[in-house]
Amino acid sequence: MSDISKIIGNRIRIIRNDKGLSIEQLAEKADVNTTHLGRIERGKTIPRLDSIEKIVNALGITFEELFRYIQPATETSKESDTALALLINRLNSLNPAEQKEVSNLFEILFQLMKK
């Protein structure tokens, strides 16, 4: 499946978890089959636009919020772009203090990698 499917699915899962919804609750609110929603979240299927619209509405977000920070991958760096997008999705789910802590950990890791 495409990298963009994985990124979008990951973003849906993060937002769903942040809102404290189970996959079953979101599926019911969005009027989407639970199995189908699970496949979307895992990036195993390409969701149709009407499914994305139902999910966005059920999450109480805008399309812009769903697609925020998602950048198209270039042909030469698809794998690294996907990894970066997944990391950005996760970081954006943290509050500013938690983001600062992660940033400090990255600094420590970068210093250790240089040795």
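This is a predicted model: local features need pLDDT of at least 70, side-chain atom pairs count only at pLDDT 80 or more; totals for chains, interfaces and linings use all residues.
Residues are numbered from 1 along each chain as its sequence is written, and side-chain values use heavy atoms, with hydrogens and water left out.

I then checked Phe-110, which is partly exposed at a relative accessible area of 45%. Phe-106 and Phe-110 sit four residues apart in helix H7 (residues 96-114), so about one helical turn separates them (helices are DSSP runs of H or I, at least four residues, numbered from the N terminus).

I counted two aromatic pairs in the structure (rings of Phe, Tyr and Trp, the last by its six-membered ring, pair if their centres lie within 6.5 Å; planes under 30 degrees apart count as stacked, over 60 as edge-to-face and the rest as tilted). For Phe-63 and Phe-67 I read ring centres 6.4 Å apart and planes at 5 degrees, so this pair is stacked. Phe-63 is partly exposed at 33% relative accessibility, and Phe-67 is partly exposed at 32%. For Phe-106 and Phe-110 the centres are 6.0 Å apart and the planes at 15 degrees, so that pair is stacked.

Last, I looked up Glu-41, in helix H3 (residues 34-41). Glu-41 is buried, at 4% relative accessibility. Leaving aside neighbours within four places in sequence, I list among its contacts Arg-13, Arg-16 and Ile-23 (contact means heavy atoms within 4.5 Å).

Technical notes
Buried means under 20% relative accessible area, exposed over 50%, partly exposed in between (1.4 Å probe, protein chains only). Helices (H or I, at least four residues) and strands (E, at least two) are DSSP runs, numbered from the N terminus.
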